[in-house]
Amino acid sequence: MNFARKRDANEREIVLALKAAGASVTQLNGVGIPDLLVGFMHSTVLLEVKLPDGPKGGRRAGGASARSAGGDGVLTAAQITWWREWRGTRPTVVRSVAEALSVLAIIRTAIAAGAIVTLPPVTPSPEPDPIP
């Protein structure tokens, strides 16, 4: 039997804020993979949502992220493995709406400065006529 994986309590408000800012957001579900696939201004980023620091938040290392469980105190062992093997842009850890929105601001600034080149959406070419 498969169970839905547990989402961090702050993920919903982060998703809503990103969407309100004009981003498209897909929640990912897989062992070790980041939580969110975010599209903004023709750029794509991966976000790993963690709880804010504190007694019930991130960096507590009391569960799967504990060094004794193979984690580093922030990421679980499965996340460390996935991130090590991923060949794309590195995911970003966000702990609040403000941090998530700052990722969008960085994208906007980088595009305005010409530091990120965005490609236009690809439109499929018409199918060639079949050979008679």
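## Basis of the model

Because the model is predicted, local features need pLDDT of at least 70 and side-chain atom pairs count only at pLDDT 80 or more, while totals for chains, interfaces and linings use all residues. Residues are numbered from 1 along each chain as its sequence is written, and side-chain values use heavy atoms, with hydrogens and water left out.

## Overall fold

The chain has 3 helices and 4 strands. Helices (H or I, at least four residues) and strands (E, at least two) are DSSP runs, numbered from the N terminus. Along the sequence, their pattern is α-β-β-β-α-β-α.

The chain has 132 residues, of which 32% count as buried. Buried means under 20% relative accessible area, exposed means over 50%, and partly exposed lies in between (1.4 Å probe, protein chains only). The accessible surface of the chain is about 8900 Å², and carbon and sulfur atoms hold 59% of it. Accessible areas come from the Shrake-Rupley method with a 1.4 Å probe, and for residues only the protein chains shown count as cover. Among contacts with a separation of 6 or more, 49% are between residues 24 or more positions apart; contact means heavy atoms within 4.5 Å.

## Nonpolar cores

A nonpolar core is a set of buried Ala, Val, Leu, Ile, Met, Phe, Trp, Tyr and Cys residues joined through side-chain atoms within 4.5 Å. The largest one has 16 residues, and those touching the most other members are Ile-14, Leu-18, Leu-36, Val-38, Leu-47 and Val-94. Two or more residues each come from helix 1 (11-20), strand 2 (36-40), strand 3 (43-49) and helix 3 (97-112). Helix 3 contributes the most, with 4 residues.

Another core, of 6 residues, lies apart from the largest one. Its members include Leu-28, Leu-75, Trp-82 and Trp-83. In soluble globular proteins, nonpolar side chains tend to be buried together.

## Helix 1

Helix 1 has the buried residues Glu-11, Ile-14, Val-15, Ala-17 and Leu-18. Seen down the helix axis, these fall within an arc of 165°, so they line one face of helix 1. The arc is that of the directions from the helix axis to the C-beta atoms. An α-helix has 3.6 residues a turn, so residues three or four places apart point the same way.

The cover over the buried residues of helix 1 includes strand 1 (24-27), strand 2, strand 3, strand 4 and helix 3. On the face turned away from the buried side, Arg-12 and Ala-20 are exposed. After helix 1 comes Gly-22, with a positive phi near 105°.

## Helix 3

Helix 3 has 16 residues, which at 1.5 Å a residue should span 22 Å; its end C-alpha atoms are 23 Å apart, which agrees. The expected span is 1.5 Å times one less than the number of residues in the helix.

In helix 3, Ala-100, Val-103, Leu-104, Ile-107 and Ala-110 are buried. They fall within an arc of 125° seen down the axis, so they line one face of helix 3. These buried residues pack against helix 1, strand 2, strand 3 and strand 4. Ala-98, Thr-109 and Ala-112 are exposed on the other side of helix 3. Just after this helix, Gly-114 has a positive phi of about 80°.

## Two buried polar residues

Arg-95 sits in the loop between strand 4 (92-94) and helix 3, and is buried at a relative accessible area of 8%. A polar atom of its side chain lies 2.7 Å from the backbone oxygen of Leu-51.

Asn-10 belongs to the segment before helix 1 and is buried, with a relative accessible area of 5%. A polar atom of the Asn-10 side chain lies 3.1 Å from the backbone oxygen of Arg-95. Leaving out residues up to four places away in sequence, Asn-10 touches Val-49, Lys-50, Leu-51, Pro-52, Arg-95 and Ser-96.

## The loop between strands 2 and 3

Most residues other than glycine have a negative phi. Met-41, in the loop between strand 2 and strand 3, is not a glycine but has a positive phi of about 50°. Met-41 is partly exposed, with a relative accessible area of 35%.

His-42 lies in the loop between strand 2 and strand 3. Its phi is positive, about 65°, although His-42 is not a glycine. His-42 counts as exposed, at 57% relative accessibility.

Conventions:
Polar contact = N/O pair within 3.5 Å; in protein donor to acceptor, adjacent residues only side chain to side chain.
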